[in-house]
Amino acid sequence: MTHNERRDLGLPYISDEEVFEEQKIARRLTQQLNTADRSDFKAIGKIIKELFGKSENAFVNPPFYCDYGKNIEVGKNFFANYNCTILDVAKVRIGDNCQMAPNVAIYTAGHPVHPLTRNTMYEYGIEVTIGDNVWIGGNTVICPGVHIGNNTVIGAGSVVTNDIPDQVIAAGNPCRVIRKITDADKKCYYKNLEFDEETWHDVQMRINKSET
């Protein structure tokens, strides 16, 4: 087996010349993205569509970095803010309506713990899965093999090393569940601050429209 084949099967592999050759595609596209006119949203969206393995109405604020791009699959209305890094050695699957604050990092790549084994140059990739309607706070790191459930919020500065369930707020290093998200949270825009009457009316209309 080639090391590209080993990598794609989720086996330990070495980043040899063939692997580097495949990475050149994403490096060219991310260079185009990161040097594009930041006000040309249409051009940025077009590069993202070409870079990602799957996307629908996705947008990323440059700069953005990844290894392959083709292993990144995002659902509808994906948004990543400035300085997002996704090491997509393995698949990164992200659901609909997901948002990422600045400096979010998703790592599928890793190396053996023991120094002698690590120095043989073997590495690995283990997929990451993020559900629908997830918001990832700024400076969060998501480690290999993590699964994050639907409708969940990850607080800023978290290091996510284990799976996080649906419909919760989780934060910390290591990231842990703080509490469930309930209907009481619906009318608040920040902690206990509630929408004013005019905005709440508009919010309700938008919610109703999205559910029909």
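Where is the place of D67? In this predicted model, D67 sits in the loop that runs between strand 4 (64-66) and strand 5 (72-76). The residue is buried, yet D67 has no salt bridge. R27 is the nearest side chain of opposite charge, and R27 is 5.4 Å away. Leaving aside residues up to four places away in sequence, D67 touches Q23, A26, I86, L87, D88 and V89.

Elsewhere, charged side chains do pair. The structure contains nine salt bridges. One of them joins E22 to R7, at 3.0 Å from N to O. E22 belongs to helix 2 (residues 17-34) and R7 to helix 1 (residues 3-8), so this pair ties together parts 15 residues apart in sequence. E22 and R7 are both buried.

A salt bridge also forms between the side chains of E73 and K91, at 2.9 Å from N to O. This pair links distant parts of the chain. E73 lies in strand 5, whereas K91 lies in the loop between strand 7 (84-87) and strand 8 (92-94), 18 residues apart. E73 is partly exposed, at 21% relative accessibility. K91 is partly exposed too, with a relative accessible area of 25%.

R179 pairs with D185 in a salt bridge, and their closest N and O atoms are 2.9 Å apart. R179 is partly exposed, at 38% relative accessible area. D185 counts as partly exposed, at 22%. Finally, salt bridges with shared partners join R7, D8, E22 and K70 into one network.

Technical notes:
Residues are numbered from 1 along each chain as its sequence is written. This is a predicted model: local features need pLDDT of at least 70, side-chain atom pairs count only at pLDDT 80 or more; totals for chains, interfaces and linings use all residues. Side-chain values use heavy atoms; hydrogens and water are left out. Helices (H or I, at least four residues) and strands (E, at least two) are DSSP runs, numbered from the N terminus. Buried means under 20% relative accessible area, exposed over 50%, partly exposed in between (1.4 Å probe, protein chains only). Lys and Arg count as positive and Asp and Glu as negative; His and the chain ends are not counted. A salt bridge is a side-chain nitrogen of Lys or Arg within 4 Å of a carboxyl oxygen of Asp or Glu. Contact means heavy atoms within 4.5 Å.
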